[in-house]
Amino acid sequence: MHTTHSLITLAGYRLHRIEFDPATFTHADLLWLPHHATLAHAAPKRQAEHLAGRLAAAHALQEHGISAVPAIGGSGEPLWPAGIAGSITHTSGCALAVVIKSARQPVGIDCETILPAEEAEEIHAGIVSPEEASRLRDNALPFTVALTLTFSAKESLFKALFPWVNAMMGFDSARVIALDAEHLTLALTRPLAGFQEGAAFTLHWKRIGDNVITLL
């Protein structure tokens, strides 16, 4: 599979980006993964995206002197080496990974393509409450960008908290309480293992072309 590696800086963290062409993916590429047998029956699109994400993660780990590829946990989450926290995301033709040397700090990253206006109006009720929607419409950002950012931020938050709560979370598990040109703050709407209702998390975000990246 044809790939290109580059770096993005967000909030002082180095994000490793892999741009890839799914049309160039072959099944033999998957053999690079130690856990390739786990993905043997996945669709080629899923295989290509997973491979790109693990390539990004391998680059991020190498930056810390670790030669490894994260395996897959029971819920599909990446399994990081001891003493490491990290996160992986992928969207159309692009994968990102971030790694830090800490097993105690929540880390989550997500990248999304900005929603078209019509789609944003159709699906927003599944992502945000009426109160959140009103807050986003009053924001200086276009509603399509604000909604995409909120979707992405919730995904980043859920990835970051999963190792602690060990449960899947719906979009109603957190609500957006603030959004500006660089940050988005979410608050939990219910208690989760180790986290109280109302606990707030501020994420950094960045727009690159038609995509937005959120990082906790």
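1. The crossing of α3 and α4 is right-handed, where a crossing counts as right-handed if the near helix is turned clockwise from the far one by less than a right angle, and left-handed if anticlockwise. This is a predicted model, in which local features need pLDDT of at least 70 and side-chain atom pairs count only at pLDDT 80 or more, while totals for chains, interfaces and linings use all residues. Residues are numbered from 1 along each chain as its sequence is written, and side-chain values use heavy atoms, with hydrogens and water left out.

2. Helix α3 (residues 130-137) packs against helix α4 (residues 143-165) at an angle of about 130 degrees, their axes being 9 Å apart; axes are lines fitted to C-alpha atoms, for helices over the stretch in contact, and angles run from 0 to 180 degrees between N-to-C directions. The two helices are therefore oblique to each other, since angles under 35 degrees count as roughly parallel, over 145 as roughly antiparallel, 65 to 115 as roughly perpendicular and the rest as oblique. Helices (H or I, at least four residues) and strands (E, at least two) are DSSP runs, numbered from the N terminus.

3. On the α3 side, E132, A133, L136 and R137 meet F143, A146, L147, T150 and K154 of α4, a contact being heavy atoms within 4.5 Å. The residues of this contact divide into five nonpolar, one polar and three charged.

4. An open sheet is formed by four strands in the order β1-β2-β6-β5, with antiparallel pairing; two strands pair if DSSP finds at least two bridges between them. Its edge strands, β1 (3-10) and β5 (85-91), each pair on one side only, and the twist averages 20 degrees from one strand to the next. Eight bridges link β1 with β2 (residues 13-20) in the antiparallel sense, and T9 stands opposite R14 in β2.

5. A56 lies in helix α1 (residues 44-62) and, at 0% relative accessibility, counts as buried, a term that means under 20% relative accessible area (1.4 Å probe, protein chains only). Leaving aside neighbours within four places in sequence, A56 is in contact with H16, I18, A95, L96 and A97. A56 and I88 are 32 residues apart in sequence and 7.8 Å apart in space, C-alpha to C-alpha.

6. Strand β10 (residues 200-208) pairs antiparallel with β9 (residues 183-188) over five bridges, and A187 stands opposite A200 in β10. Five bridges also join β10 to the antiparallel β11 (residues 211-215), where K206 stands opposite I213. β10 and β11 form a hairpin with two residues between them, and G209 in the turn has a positive phi of about 65 degrees.

Terms used
Buried < 20%, exposed > 50% of the residue type's maximum accessible area, 1.4 Å probe, protein only. Nonpolar A, V, L, I, M, F, W, Y, C, P; charged D, E, K, R; others polar.
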